[in-house]
Amino acid sequence: MSESKPPTPTQGDAYKGWLFKWTNYIKGYQRRWFVLSNGLLSYYRTQAEMGHTCRGTINLATANIAVEDSCNFVISNGGAQTYHLKANSEVERQRWITALELAKAKAVHMQAESDDSGDDCASVPPTSGQGGVCRTAEIQSALRTLNSKVEDLTTCNDLIVKHGSALQRSLSELEGFRVGGDMGDKIRQVTERATLFRITSNAMINACRDFLSLAQNHSKRWQKALQVERGQRIRLEETLEQLAKQHNHLERAFRGATVLPPSFSNPALGNKGTGSGKGDASDEDDDNEFFDAMEDPAEFITVPADPKYHKSGSNVSGFSSEVGMDDQSLDELSLASNPESPQPLDLEPVRQRRARIPDKPNYYLNLWSIMKNCIGKELSKIPMPVNFNEPLSMLQRLSEDLEYYDLLDKAAKCQSSLEQMCYVAAFTVSSYSTTVHRTGKPFNPLLGETFELDRLKDCGYRSLCEQVSHHPPAAAHHAISEKGWSLRQEITLASKFRGKYLSIMPLGSIQCLFDKSNNHYSWKKVTTTIHNIIVGKLWIDQSGEIDVVNHKTGDRCHLKFTPYSYFSRDVPRKVTGVVTDKDGKAHYVLSGTWDEKMEFSRVMQSSKGENGTEGKQRTVYQTLKAKEIWTKNPLPEGAETMYFFSSLALTLNEPEEGVAPTDSRRRPDQRLMEEGHWDEANAEKQRLEEKQRTVRREREREAVKAANSPEEAEAGDSGTKANEISDETDMEDSPPHTPLASPYGPSAPPYITEGREGPYGAQNKSAHQENYQALWFDKIDDPVSGETLHVYKGGYWEAKDGAGGWDMCPDIF
């Protein structure tokens, strides 16, 4: 009988190894591969079967473990399942017995905990905010782990007492035994019991070491968390004190009592700015400390790198410089906002943005009453109520991509293009984080509608969106930052209704340019799927692959959005990615979820691993410890009553002076809906629709007249201005277009109706669309990416700063 390998300890206190299992009287004992994990003992015919076929499993929580002789033992759960097992040696058998007893004790304890979980959950005090919930869950998880190790120590102690008593009896018998023929047997028995005692003692020592290591690690993290909380509380008290002084002084100055002296204002603001900068740095350190890596993705396997990579300073220099670069960017950001730097001494307070909007009314919507009114009507005249919408336009939703602009700020500071690629890839994933609960449909923009997002004083960037086409619907977006980056994108959509779900395929590219390095990145969006269109609760999933390409260096990041599957063991909404250079060599691995956070790890070595479930050979990457690169901001309190808007989304439709007449904030139907006047919003919506239809018919007549008269056509071409309204100004419920709002959470009925061609579909496109010129964007062929897109041509911000600069804007509202 060949010597089988001893059981191997693996992650999570699991044991694996070969044992002989009794099958029947014909075959006798057969060699099987056993795996002990999480209180369950499973066996397979070979190790290769572990991924797909389990031959049997027994729960140790209700099982009895009995020893028959030196190598045999029996596991039974009361008659339904009984395993007669045999090891190669008594020492190996005792290793299994010790592991099984430890696993059984842990399973019994976990079962008792699950029975009392209801009371435990009720006793936990409520916490405010998502951060408090996460911190409480982390502490509870750590306590459960420590309690489990304590149970292991208790079990090992009982085993040591048991085996120690047996060993003591054997020694006592040996002392009173005379030298004779039975001396050899007694000595052998004492030796075996001493071996068993040594094995159990080793298990006790290992459990003590694990417990001590866990206790030390969690103690350091809790001390760090306590220091951070204490520091934040002190800074908050100082800030509140300064604000109280400023408020008191400004109130007196307003009443005419005193005048605000510059010597008072600057130090106060300087202290406030410094405190804010330190607070940001502490938050960054806090994030780097407390988040763990995600589990391994299915496309590849990541394992910790060899310790030699951690000892060598040269191998981790890139990773260290990366952390230093983040800190540098934070310092520069705080210096840029510090009023003590050379700036005018005028006191200009930062605008306070709103944190709430009116709650969504709970109006009952009868779908049948809407559908029956559509029977026999022309598709272009079917009114769709605002009940399916949210009080934002698609242009505003497109601007929400900039919620995590700080990722691009950090990317602009990176010295390495590969590190910069990691931040750009994380930015592409972050744009989907606001779509999880957003099942409301944004208003489709009118042709020529714009939206500006001016955060130059707050965040250092400003952006402009314009609806540049209506057949097909397309929106152009341009953003530029003082940190040295610019973003431009043009989005056109295609949709397919599958009955139970709706698939939205974004067409068009997104490009990001960095001034310092001249790196030019481009990528496309993945497919968005809206499930339960007809029956059930709407939910959204993202699936597909994204290739982020650096056209200057040839670097590439391949991101995969795994579709949700009920039968999959993967984490829902999972995203994985690998950053490679132009030669295809991997440098970084990214993992996480598109609705929570992303992490990245530096690759030290890579090799080809075993075949995966689909027969594809997976790559094994040896990486350094994962570092968090992006985490989702928590939703504001009461977000469920405010369409699940983020903090940025709550401010997008806030009224603002000085914006263009075509800005989405000025849409009357959208404004009425936000204020809760849905009946008035529907009436206003129908008025705008009829107005657009009238203008469209007039332009059609002019187009026919111009086509019949070449002289008039030339005059019309030379005299056509951007402020004229074309036939493309249908409202979002006019069917000759696909809804632009779809990739961010549509509702059911409007998408089926709006996705069809109406009576003004193809002919309008051929007659007028080619002659339409966007007001703020020019259509060009990009020489770098080779794609055709609309690029901002300038003039908007200059028109806003000048008096009466909006004369060229069309009257679309």
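**Close-up views of a predicted model**

**View 1. Inside the largest cavity.** About 50 Å³ of space lies in the largest cavity. Here a cavity is a set of points on a 1 Å grid over the protein atoms alone where a 1.4 Å probe fits but cannot get out, and its volume is the space filled by probe spheres set on points joined across faces, edges and corners. The model is predicted, so to speak of local features takes a pLDDT of at least 70 and side-chain atom pairs count only at pLDDT 80 or more, while totals for chains, interfaces and linings use all residues. Residues are numbered from 1 along each chain as its sequence is written, and side-chain values use heavy atoms, leaving out hydrogens and water. Which residues line the largest cavity? Lining residues have an atom within 4 Å of a point, and here they are Ser433, Thr434, Val436, His437, Arg438, Lys632, Leu635, Phe644 and Ser646. In total, the structure holds four cavities of 30 Å³ or more.

**View 2. The protein as a whole.** Before going further in, take in the whole chain. Its secondary structure comes to 18 helices and 28 strands; these are DSSP runs numbered from the N terminus, with H or I over at least four residues for helices and E over at least two for strands. Of the 813 residues, 47% are buried. Buried means under 20% relative accessible area, exposed means over 50%, and partly exposed is in between (1.4 Å probe, protein chains only). Among contacts between residues at least 6 apart in sequence, 61% join residues at least 24 apart; a contact means heavy atoms within 4.5 Å.

View 3. Start with β2 (residues 14-24) and β3 (residues 28-37), which pair in the antiparallel sense over nine bridges. Strands are said to pair if DSSP finds at least two bridges between them. Look for Trp22, which stands opposite Tyr29 in β3. The link between β2 and β3 is a hairpin of three residues. Next comes β4 (residues 40-44), which runs antiparallel to β3 and is joined to β3 by five bridges. Ser37 sits opposite Leu40 in β4. The β3-β4 hairpin has two residues between its strands, and Asn38 in this turn shows a positive phi of about 55°. Further along, four bridges join β4 to β5, again in an antiparallel run, with Tyr43 opposite Gly56 in β5. Which residues of β5 (residues 56-59) are on its covered face, and which on the uncovered one? Gly56 and Ile58 are on the covered face, while Thr57 and Asn59 are on the uncovered one.

**View 4. His477, tucked into a strand.** His477 belongs to strand β14 (residues 473-481). Is His477 buried or exposed? His477 counts as buried because its relative accessibility is 0%. Its side chain has a polar contact of 3.5 Å with the side chain of Ser463; a polar contact is a pair of N or O atoms within 3.5 Å, where within protein one must be able to donate a hydrogen and the other to accept it, and residues adjacent in sequence count only if both atoms are side-chain atoms. Not counting residues up to four places away in sequence, the residues that His477 touches include Leu398, Leu402, Cys465, Arg488 and Phe777.

**View 5. Two asparagines in one loop.** Asn519 is in the loop between β17 (510-514) and β18 (520-523), and Asn518 is in the loop between β17 and β18 too. Asn519 is buried because its relative accessible area is 4%, whereas Asn518 counts as exposed because its value is 54%. Asn518 has a phi near 60°, positive in a residue other than glycine. What does the side chain of Asn519 make a polar contact with? It is the side chain of Gln420, at 2.8 Å. Leaving aside neighbours within four places in sequence, Asn519 is in contact with several residues, among them Ser417, Cys512, Asn550 and Thr553. Asn519 and Ala412 are 107 residues apart in sequence, yet 9.7 Å apart C-alpha to C-alpha.

View 6. Strand β21 holds Phe561, which is buried because its relative accessible area is 1%. From Phe561 to Thr576 is 15 residues in sequence and 7.0 Å in space, C-alpha to C-alpha. Setting aside residues up to four places away, Phe561 touches residues including Val429, Tyr432, Ile546, Val575 and Trp594. Arg573 lies in the loop between β21 (556-561) and β22 (574-580). Arg573 is partly exposed because its relative accessible area is 27%, and Arg573 has a positive phi of about 60° although it is not a glycine.

How values were computed
1 Å grid on protein atoms, 1.4 Å probe; cavity = no way out; pocket = protein on both sides within 12 Å on 5 of 7 lines; lining within 4 Å.
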